[in-house]
Amino acid sequence: MYERAVRYAANGWPVAALAVPWHGVCPCDLGDCVEPHPVGEPIRNGFVAAGVWKAYPWDIALVTADFDVVDLPPEYGALLNHQLKAACPTAMAPARRRWWFFVEPGSIEAERIAAAGGVLHTGVEDWVAAPGTLVEGSGRIRWLVHPHLTDWRPYRRRDPFDLVLF
Ligand SMILES: [Zn+2]
């Protein structure tokens, strides 16, 4: 967990300590939380992350400050993954078969995602559990396209005009 948190932060992906309740006990000071939640401010610095995760064995929240996460149900997620191939960092939460696409902020309107039965995670107050995290009800979330394959860049939408003229 320590190494993964440092790697995200060192590559500019904002992370926060994630408290995940297990069998009714949360590792934060309150202790009786029901849902996983971040603790503290987003961290974008590998050295700071090293200090935090050395001190506590937290899970990792990826804070959607510098990218949006488009959370889609399987009927759209599988098709989109097939189209995007390795161009977009993509994760999957197996238990509920949700697909997560990491895209540049503002890429897609929340209304369009909601109409497809999805959820847009956006802004510094929002987050997703980093792949590798085991969450009750979601199973172990895993990367299908790891961000190192895109040089740690979220997906940028392009159409042929962008590709030809810019
Ligand atoms: Zn808690």
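Two strands pair if DSSP finds at least two bridges between them. Strands (E, at least two residues) and helices (H or I, at least four) are DSSP runs, numbered from the N terminus. This is a predicted model: local features need pLDDT of at least 70, side-chain atom pairs count only at pLDDT 80 or more, and totals for chains, interfaces and linings use all residues. Residues are numbered from 1 along each chain as its sequence is written.

**View 1. Strand S5 pairs with strand S11.** S5 covers residues 90–93 and runs antiparallel to S11, with three bridges between them. Met92 stands opposite Arg142 of S11.

**View 2. Five strands make an open sheet.** The order is S7-S4-S6-S5-S11, with antiparallel pairing. S7 (119–121) and S11 (142–145) are the edge strands, and each pairs on one side only. Neighbouring strands are turned by 25° against each other on average, direction ignored. Axes here are lines fitted to C-alpha atoms, for helices over the stretch in contact; angles run from 0 to 180 degrees between N-to-C directions.

**View 3. Helix H3 lies across the sheet strands S4, S5, S6 and S11.** H3 spans residues 74–84 and runs at about 50° to S6 (98–103). Contact means that the C-beta atoms of two residues, placed from the backbone, lie within 7 Å.

**View 4. Strand S1 pairs with S2 and with S3.** S1 and S2 are antiparallel, with four bridges. Val15 has Ile43 of S2 as its bridge partner. S1 and S3 also run antiparallel, joined by four bridges. Here Ala17 is partnered by Ile60 of S3. Five of the five residues of S1 are buried. A residue is buried if 20 or more other C-beta atoms lie within 10 Å of its own, exposed if 12 or fewer, and partly exposed in between; C-beta atoms are placed from the backbone.

**View 5. Helix H2 has a buried side and an exposed one.** Its buried residues are Ala49, Val52 and Trp53. Seen down the axis of H2, they fall within an arc of 90°, so they line one face of the helix. The arc is that of the directions from the helix axis to the C-beta atoms. These buried residues pack against H1, S1 and S2 (37–43). Phe47, Gly51, Lys54 and Ala55 are exposed on the face turned away from the buried side.

View 6. Not counting residues up to four places away in sequence, Leu18 touches Pro36, Pro38, Trp58, Asp59, Ile60, Ala61, Ala129 and Thr133.
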